[in-house]
Amino acid sequence: MKDGKSAILDILTQCATACERCFDSCLRENDISMFAECIRLDKECAQVCRLAASLIASGSAYAAEVVDICSDICAGCAGECEKHDHEHCRICAVACRQCEEACQNFAPSSS
């Protein structure tokens, strides 16, 4: 069984990857303008998930603050992806909701 630190690192990485895949898939859609907000949030979410993972891994004193922001961005990205009926958006929304929950439950002492 993974410890809390390993588990959240995995979830953050999975979310970032799902967001990057969704971002890339949205760019290949016929009406990209319909996905503009999804693309923007995918990019932001992937970036903040990677940052949060890096800060947790290094034991940063600021990790908890970034994880709080990450939770908010994951919620926003999931909400946007849930508006679209595409498989890549559905997968991204699920990953973002899981990451949102993990971030809400994150405690720096779990490291």
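I began with what to call a cavity: a set of grid points where a 1.4 Å probe fits but cannot get out. The model I searched is a predicted one.

**Entry 1, cavities.** I then looked up the volume of the largest cavity and noted about 30 Å³.

Which residues line the largest cavity? I found Ile11, Gln14, Cys15, Ala95 and Gln98 there. Next I checked where they sit: helix 1 (4–27) and helix 4 (87–104) each supply at least two residues of this lining. Helix 1 gives the most, with 3 residues. Sorting the lining by class, I got 3 nonpolar and 2 polar residues, and no charged ones.

I moved on to helix 2 (residues 36–58) and helix 3 (residues 63–81), whose axes come within 9 Å and cross at roughly 155 degrees. Are the two roughly parallel or roughly antiparallel? Angles over 145 degrees count as roughly antiparallel, so that is how I logged helix 2 and helix 3. For the handedness, I wrote down a left-handed crossing of helix 2 past helix 3.

**Entry 4, who meets whom.** I listed the contact next. On the helix 2 side I noted residues including Leu41, Cys45, Val48, Cys49, Ala52 and Leu55. On the helix 3 side, Val66, Ile69, Cys70, Ile73, Cys74 and Cys77 are among them. By class, my tally for this contact is 18 nonpolar, 1 polar and 4 charged residues.

Notes. Residues are numbered from 1 along each chain as its sequence is written. This is a predicted model: local features need pLDDT of at least 70, side-chain atom pairs count only at pLDDT 80 or more; totals for chains, interfaces and linings use all residues. Side-chain values use heavy atoms; hydrogens and water are left out. Axes are lines fitted to C-alpha atoms, for helices over the stretch in contact, and angles run from 0 to 180 degrees between N-to-C directions. Angles under 35 degrees count as roughly parallel, over 145 as roughly antiparallel, 65 to 115 as roughly perpendicular and the rest as oblique. A crossing is left-handed if the near helix is turned anticlockwise from the far one by less than a right angle, and right-handed if clockwise. Contact means heavy atoms within 4.5 Å. Ala, Val, Leu, Ile, Met, Phe, Trp, Tyr, Cys and Pro count as nonpolar, Asp, Glu, Lys and Arg as charged, and the others, Gly among them, as polar. On a 1 Å grid over the protein atoms alone, a cavity is a set of points where a 1.4 Å probe fits but cannot get out, and a pocket is an open set with protein on both sides within 12 Å along at least five of seven lines; lining residues have an atom within 4 Å of a point. Grid points are joined across faces, edges and corners, and a volume is the space filled by probe spheres set on the points.
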